Amino acid sequence: MAFELVGPTEQASISLCDELLFDVVGLSALRGPLIARLWKEFYDGPSFTPEEARGLADELKALLEVLRSKPELPLAAWNARPPAYRSHCEPPRPGDLARKCGELIAVCEGA
């Protein structure tokens with residue numbers, strides 16, 4: 001199931017396979033309360049005020065830096081997932097999660 005993050009002019013989805021973003025946050029020990037809230041409320045359709053969206057963009061930028069500085073983390077996150085997940089989602093290709101993070105940042109900055 002995909003989650004749609006919708007802003008006034010942009011939108012991006014987070015698919016099942018993109019959920020590795022949240023795992024990378026945990027593996028990197030990145031502190032991101034808004035990212036944590038997004039994950040906690042993921043299946044309940046969370047909404048964010050414009051101020052929260054800007055804060056989420058900042059947290060996603062920090063995550064993007066982690067993805068760039070530690071490119072091995074997405075594969076480590078994939079390997080830590082259960083076999084059923086790994087049979088459904090291919091191992092992440094270099095740059096895939098960074099691109100997804102960039103899409104999410106664009107939506108949040110447009111809010």
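This is a predicted model: local features need pLDDT of at least 70, side-chain atom pairs count only at pLDDT 80 or more; totals for chains, interfaces and linings use all residues.
# Cavity, helices and aromatic rings

Me: How many cavities of 30 Å³ or more does the count come to?
Reply: The count comes to 1 cavity of 30 Å³ or more.

Me: And how much space lies in the largest cavity?
Reply: The largest cavity holds about 40 Å³ of space.

Me: Which residues line the largest cavity?
Reply: Its lining is made up of Leu 21, Phe 22, Val 25, Ile 35, Leu 38, Leu 60, Leu 63 and Leu 104. Two or more residues of the lining come from each of helix H1 (20–28), helix H2 (33–40) and helix H3 (50–69).

Me: How many of the lining residues are nonpolar, polar or charged?
Reply: The lining of the largest cavity has 8 nonpolar residues, with no polar and no charged ones.

Me: Why does Leu 21 count as buried?
Reply: Its relative accessibility is 3%, and buried means under 20%.

Me: What is Leu 21 in contact with, leaving aside its neighbours within four places in sequence?
Reply: Apart from those neighbours, Leu 21 is in contact with Leu 63, Leu 67, Leu 97, Lys 100, Cys 101 and Leu 104.

Me: How many Å apart in space are Leu 21 and Ile 35, C-alpha to C-alpha?
Reply: They are 9.6 Å apart, C-alpha to C-alpha, and 14 residues apart in sequence.

Me: On to H2. Which of its residues are buried?
Reply: In H2, Leu 34, Ile 35 and Leu 38 are buried. These residues fall within an arc of 100 degrees when seen down the axis of H2, so they line one face of the helix.

Me: What covers the buried residues of H2?
Reply: The cover includes strand E1 (3–6), E2, H1 and H3.

Me: And which residues of helix H4 are buried?
Reply: In helix H4 (residues 73–80), the buried residues are Leu 73, Pro 74, Ala 77 and Trp 78. They are on the same side of H4, because they cover an arc of only 140 degrees around the axis.

Me: What do the buried residues of H4 pack against?
Reply: They pack against H1, H3, helix H5 (83–88) and helix H6 (96–109).

Me: Now the rings. How many aromatic pairs does the count come to?
Reply: There are 5 aromatic pairs by the count. One of them joins Phe 3 and Phe 42, whose rings are tilted, at 5.0 Å centre to centre and with 40 degrees between the planes. Phe 3 belongs to strand E1 and Phe 42 to the loop between H2 and H3, so this pair ties together parts that are 39 residues apart in sequence.

Me: Are Phe 3 and Phe 42 buried or exposed?
Reply: Phe 3 counts as buried at 8% relative accessibility, and Phe 42 counts as buried at 3%.

Me: Why is the pair of Phe 22 and Phe 42 edge-to-face?
Reply: The planes of Phe 22 and Phe 42 are at 75 degrees, with the ring centres 5.7 Å apart, so the pair is edge-to-face. Phe 22 lies in helix H1 and Phe 42 in the loop between H2 and H3, so parts that are 20 residues apart in sequence are tied together by this pair.

Me: Which residues do the ring pairs link into a cluster?
Reply: The cluster consists of Phe 3, Phe 22, Trp 39, Phe 42 and Tyr 43.

Me: Changing topic: where is Pro 46 found?
Reply: Pro 46 is in the loop between H2 and H3. This proline is buried, with a relative accessible area of 13%.

Me: What is Pro 46 in contact with, leaving aside its neighbours within four places in sequence?
Reply: Those neighbours aside, Pro 46 is in contact with Phe 3, Leu 38 and Glu 41.

Me: Is Asp 18 buried or exposed?
Reply: Asp 18 is buried, with a relative accessible area of 14%. Leaving aside its neighbours within four places in sequence, Asp 18 has contacts with Ser 13, Leu 97 and Lys 100.

Conventions
Residues are numbered from 1 along each chain as its sequence is written. Side-chain values use heavy atoms; hydrogens and water are left out. On a 1 Å grid over the protein atoms alone, a cavity is a set of points where a 1.4 Å probe fits but cannot get out, and a pocket is an open set with protein on both sides within 12 Å along at least five of seven lines; lining residues have an atom within 4 Å of a point. Grid points are joined across faces, edges and corners, and a volume is the space filled by probe spheres set on the points. Helices (H or I, at least four residues) and strands (E, at least two) are DSSP runs, numbered from the N terminus. Ala, Val, Leu, Ile, Met, Phe, Trp, Tyr, Cys and Pro count as nonpolar, Asp, Glu, Lys and Arg as charged, and the others, Gly among them, as polar. Buried means under 20% relative accessible area, exposed over 50%, partly exposed in between (1.4 Å probe, protein chains only). Contact means heavy atoms within 4.5 Å. The arc is that of the directions from the helix axis to the C-beta atoms. Rings of Phe, Tyr and Trp (its six-membered ring) pair if their centres lie within 6.5 Å; planes under 30 degrees apart count as stacked, over 60 as edge-to-face and the rest as tilted.
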